[in-house]
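Please work through each task before reading its solution.

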Amino acid sequence: MKKRVSKTVAAPLAGYDAILSGLVDLLESARRVSARAVNAVMTATYWEVGRRIVDFEQGGKKRAEYGEMLLERLSADLTAKFGRGFSRQNLHKYRQFFLGYREIRPTVSGEFIGDKRPTLSGESGTDGAPSIPARLKHIAARFPLPWSNYVRLLALRSDEARKFYETEALRCGWTVRQLDRQISTQFYERTALSRNKAAMLRKAGKPEVGDAVSADEEIKDPLMLEFLGLKDEYSESDLEDALIRHLESFLMELGGDFAFIARQRRLRIGDEWYRVDLLFFHRKLRCLVVIDLKLGRFTHADAGQMHLYLNYAREHWTNEGENPPIGLILCAQKNDAVAHYALEGLANKVVAREYLTALPKEKTLAEEIEKTRKRLESGTAGA
């Protein structure tokens, strides 16, 4: 005889889906906040570990061997007690982290002030001094980014660049992968050198959408060619020769997806011969990139000449399965308005990029970026 299985059918409740959805959002948000809070406290702890190591070293012998011996002993004892995370390399990183941010000193109120020798009073927790958890909470407020982001920032030698990337990572919500990509493509230097810094900063704040790529995103602006070592006066031939001599550096500046094909590639149209300065292939875009070098400023005539080259390249040089070729006009100076009207609406994709053979002082770069960021925040920066 079969047993009858009773099924309990939940009675419909008005508005139940709404409360369930709200609770799911609440709990998921709480988990994310909790994870961020734990990360922030651990980052603060690493800063405090670094501070105490430096303070101990300064109170002892000021010799490199002394510091290394201290890290070795601390690593062995802390690993025995807490397990992974306290290798000599990690302890060195915590020490470096403190030294990179040593101007931070949390007060009892949780505010921060600059101090050449940051100290936290009352480490024993007596005399009304804040407890260790309270002090860590104060420190954590200064480090809102994940620890992995700070590890990447510590690799930067420039204080100005580190402050820039830290600010932008927080403003834009970059992951460590996105931060690494921006550092690798020298976003700081390009933003400072760009004629439209506000547009660069706005673009950095836009979220990445899938894996789609475009020529405008893949081709840097400006291109920094200081490695060419060119004098104040040089010809287009000199520029081309220098790029070929330093082809490896040029490819690194262009990006990892560019592959060199040819220089001075000849093409015949009607009864006239032309030459393309440089020809590359871009793996992600899956197309040829025709490069035309210009010593002076970009003109509308340059766009017309490139349009001619691309029409020929699409018909005679493009292999089956490849996308239509794109043109890159490298010029010493680009007027954005002229470039917009000369390049917009063409049947072929053409981009104009400036190149620089010498870089200004870093202090100048930092000041220019800070001015633009303040204008952006006040809403007075142009489009």
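Predicted model: local features only at pLDDT ≥ 70, side-chain atom pairs only at ≥ 80, totals over all residues.

Axes are lines fitted to C-alpha atoms, for helices over the stretch in contact, and angles run from 0 to 180 degrees between N-to-C directions; contact means heavy atoms within 4.5 Å. Helices (H or I, at least four residues) and strands (E, at least two) are DSSP runs, numbered from the N terminus. Residues are numbered from 1 along each chain as its sequence is written, and side-chain values use heavy atoms, with hydrogens and water left out.

**Exercise 1.** Determine the order of the strands in the open sheet.

*Solution.* Step 1: the 6 strands follow the order β3-β8-β7-β6-β5-β4, with mixed pairing (two strands pair if DSSP finds at least two bridges between them). Step 2: β3 (223–224) and β4 each have a single partner strand, so one side of each lacks a neighbour in the sheet. Step 3: β5 and β6 are antiparallel, over 5 bridges; F281 has L288 in β6 as its bridge partner.

**Exercise 2.** Identify the buried residues of helix α11 (residues 236–245) and what they pack against.

*Solution.* Step 2: they lie on the same side of α11, because their arc, taken from the directions from the helix axis to the C-beta atoms, covers only 160°. Step 3: they pack against α12 (247–254), β4 (258–269), β5 (272–282), β6 (287–293) and β8 (349–356). Step 4: α11 lies across β4, β5, β6 and β8, at about 145° to β4.

Conventions. Buried < 20%, exposed > 50% of the residue type's maximum accessible area, 1.4 Å probe, protein only.
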